[in-house]
Amino acid sequence: MSKDRNRNAWISKGLVFGALVMLFVATMASVGVVAAEMGDIVASFGAPPGVNDDLAWDGKYLWCVGNDKIYKIDTNGNAIASFDSAGIEALTYDGKYLWGAGEDGIYKIDTNGNLIATFQFPDNYYVPVTASILGLTYDGEYLWCYRHLIVYGSPSESKLLKLDVSDRDVSIISEIDECTPCYGLAWDGKYLWGSGGGSDRKIYKFDTNCNPIASFHSPGTYAILGLTCDGKYLWCLSYDAYIYKVGIGKAAPSERDSSE
């Protein structure tokens with residue numbers, strides 16, 4: 001009988017211990033301590049209707065752009081504020097200001113929608129050019145963007161640009177032709193992230209020379225057009241105006257595309 005009692009006691013202790021471990025893991029996950037694996041969808045919700053161009057993170061709220069408007073939303077998708085943003089296709093945040101980019105250049109905007117400055121790309125084309133910006137992010141010192149150019153009478157050009165924006169103009173520090181990811185850009189404190197286009201439904205982690213580090217399949221069923229990083233998770237904006245919060249594995253340093 002004593003052996004049975006001892007065995008039952010150990011079983012009871014084991015069950016209690018197991019229950020406590022499960023409770024601990026659930027609690028840590030609820031406060032974000034247990035990191036999701038790369039590509040795991042942690043949360044998802046709808047963006048404002050038609051808003052599917054790009055995302056930015058300010059340390060507390062998300063900002064999204066599309067349909068000539070910029071929205072400030074919480075992490076459940078509820079709109080906090082909005083203002084007009086004609087011509088802006090891509091968006092990022094530098095800790096104080098929003099930066100938007102479009103065919104005509106780069107815009108510095110405060111969080112109330114007031115235009116602070118406009119900068120033109122230093123192009124030397126003397127023929128008609130159609131340009132589009134497919135991603136924009138800030139690394140703490142420089143802006144990065146994907147720029148797609150259709151130049152009359154010439155092959156189209158797609159480039160990853162590193163930009164230095166001063167008080168008066170913008171200069172191109174470096175440019176990489178045909179960098180594999182071509183939509184959305186995010187900075188995690190060390191690496192860039194971008195999403196593939198067309199049938200390439202992957203999200204890539206890559207260095208500043210466009211060398212791939214890792215990749216995973218994009219969330220959802222539509223192309224991911226906008227990206228931002230909060231330091232622990234990647235936020236992905238899809239073509240159908242849906243936002244996914246996705247794990248990136250081991251927590252990255254706090255993104256410079258956000259307030260410290």
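Good morning, and thank you for coming. I begin with two strands: S11 and S12 pair in the antiparallel sense, and seven bridges join them. The model that I am presenting is a predicted one. Within this pair, Trp 144 stands opposite Lys 162, a residue of S12.

How many of the nine residues of S11 are buried? The number is seven, so S11 is largely enclosed by the rest of the structure.

In soluble globular proteins, nonpolar side chains tend to be buried together.

Let us look at Phe 121 in detail. Leaving aside residues up to four places away in sequence, Phe 121 touches Gly 102, Gly 105, Ile 106, Ile 133, Cys 145, Arg 147, Leu 161, Leu 163 and Val 170.

I turn now to a sheet. Four strands form an open sheet in the order S14-S15-S16-S17, and their pairing is antiparallel. Strand S14 (183-187) and strand S17 (212-217) are the edge strands, each pairing on one side only. On average, and with direction ignored, neighbouring strands of this sheet are turned by 20° against each other. S14 and S15, the latter covering residues 192-195, pair over three bridges. Here Tyr 183 stands opposite Ser 195 in S15.

Next, the cysteines. How many disulfides does the structure hold? The count is zero. Cys 64 has 0% relative accessibility, so this residue counts as buried.

Finally, I would like to consider a loop residue. Where does Lys 60 lie? Lys 60 is found in the loop between strand S2 (54-57) and strand S3 (62-66). Is Lys 60 buried or exposed? With a relative accessible area of 55%, Lys 60 is exposed, because the cut-off for that class is over 50%. Lys 60 and Thr 75 are 15 residues apart along the chain, and their C-alpha atoms are separated by 8.2 Å.

Thank you for your attention.

Methods: Residues numbered from 1 in each chain as written. Predicted model: local features only at pLDDT ≥ 70, side-chain atom pairs only at ≥ 80, totals over all residues. Heavy atoms only, no water. Contact = heavy atoms within 4.5 Å. Buried < 20%, exposed > 50% of the residue type's maximum accessible area, 1.4 Å probe, protein only. Pairing = 2+ DSSP bridges. Axes fitted to C-alpha atoms, helices over the stretch in contact; angles between N-to-C directions. Disulfide = S-S within 2.5 Å.
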